[in-house]
Amino acid sequence: MASRADQRRLPAEWERQSGVLLTWPHRDGDWGSILGPVEHVFTHLAREISLRERLLVVVADDAHGAHVRGLIATAGGEMRRVTLQVAASDDSWARDHGPITVQTQDGPLALDFTFNGWGGKYKAGSDNRITRTLAAAGCFGGTPLESHDMVLEGGSIDSDGAGTLLTTHRCLSHPGRNPTLSAADIEARLRDALGIQQVLWLNHGALAGDDTDSHIDTLARFAHAGTIVYQACANGQDENFNELNAMERELEAARKDDGSAWRLVPLPSPRPIHDQQGRRLPASYANFLIINDAVLMPTYDDPADGTAREILAGCFPDREIVGVDCLPLIHQFGSLHCVTMQLPEGVLEN
């Protein structure tokens, strides 16, 4: 008799999608005086996504929804692909409070894991209810929803679509998330819920300024089933150098199930970026989003932006590489991938 894990598969991000989820920032959130520039980033994202697939946007209320709709329409978004849904939110990091979707023999299944504000660092009660609110409103069509009490953020895992998961011990084993679970317990739950066959655990890669405890989506990502693209650092004076080089050695030592090595593609580091208080911000080119026919990559007004674009173009030759200025986003310690959650084919109604 097949186990539940054998009947599930966590798709790779490059597989066909029905749409992307955004939770739009609002005045009661944490963006404060930079809300305008942040909305500009969201508007750019909304336009690029809606030109290629459906877009589901969480808004605070009807007035907020009218405002958001106007921004997207004015920017040239494809409004027939845009759906707005009212739901209370604490913040805008849809990657971590949105559903993680697996494919089963009966179609897609949305998993609602617990979100506790990255180990209890921030208020997260409203964000933790968003996925259930969207499901109750019919936003996922006939896709069933399965709830899990395990704390798991979408930004902490990456899938190659063929049974391998990439993640970090620093995040998943953080005592603020699942203090009663060992690493073996966590891996067993990942295998059961997501259909994972192999977990690649990284012990290194912490970026200065990162408050997620080393989310994998700022560090290393699958570009296709045999390739991992990762954030590297060539400057020995950079405070990220030691951690990123130790992570690079871990990736070089990693092996697939058949014993072969992964093809590794390094990304450059942007110059150090600091906020007005002098804090280093966690800018990373690994925080890109793959959508239908395009890759949306973060840019930071840095000379390395062009190099990163060329590298990603080589990894995704069948997709357009679209740069999005994410300098405003990293002032709240996240970037492009962090504010989005892809919804695989079959999740959203046509």
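Me: Which cut-off decides whether a residue is buried or exposed?

Reply: Buried means under 20% relative accessible area, and exposed means over 50%. The model here is predicted. In helix α2, the buried residues are H64, G65, V68 and I72.

Me: Why do the buried residues of α2 line one face of the helix?

Reply: Look down the helix axis: the buried residues of α2 fall within an arc of 100°, so they line one face. On the other side, D62, A63, A66 and T74 are exposed.

Me: What covers the buried residues of α2?

Reply: The cover includes α1 (35–50), β3 (54–59) and β4 (82–86).

Me: How many residues does α2 have, and what span is expected?

Reply: α2 runs over residues 62–74, which is 13 residues. From first C-alpha to last it reaches 18 Å, close to the 18 Å expected at 1.5 Å a residue.

Me: What caps the N-terminal end of α2?

Reply: D61 does, with a side-chain oxygen 3.2 Å from the backbone nitrogen of A63. Just after the helix, G76 takes a positive phi of about 95°.

Me: Now the sheet. In what order do the three strands of the open sheet stand?

Reply: The order is β14-β15-β16, with mixed pairing. β14 (289–291) and β16 (320–325) are at the edges with a single partner strand each, so one side of each has no neighbour in the sheet. The twist averages 25° from one strand to the next.

Me: Over how many bridges do β15 and β16 pair, and in which sense?

Reply: β15 (residues 294–299) pairs with β16 in the parallel sense over six bridges. T299 stands opposite D325 in β16.

Me: What lies across these strands?

Reply: α1 lies across β14, β15 and β16, and runs at about 160° to β16.

Note on methods: Residues are numbered from 1 along each chain as its sequence is written. This is a predicted model: local features need pLDDT of at least 70, side-chain atom pairs count only at pLDDT 80 or more; totals for chains, interfaces and linings use all residues. Side-chain values use heavy atoms; hydrogens and water are left out. Helices (H or I, at least four residues) and strands (E, at least two) are DSSP runs, numbered from the N terminus. The expected span of a helix is 1.5 Å times one less than its number of residues. Buried means under 20% relative accessible area, exposed over 50%, partly exposed in between (1.4 Å probe, protein chains only). The arc is that of the directions from the helix axis to the C-beta atoms. Contact means heavy atoms within 4.5 Å. A polar contact is a pair of N or O atoms within 3.5 Å; within protein, one must be able to donate a hydrogen and the other to accept it, and residues adjacent in sequence count only if both atoms are side-chain atoms. Two strands pair if DSSP finds at least two bridges between them. Axes are lines fitted to C-alpha atoms, for helices over the stretch in contact, and angles run from 0 to 180 degrees between N-to-C directions.
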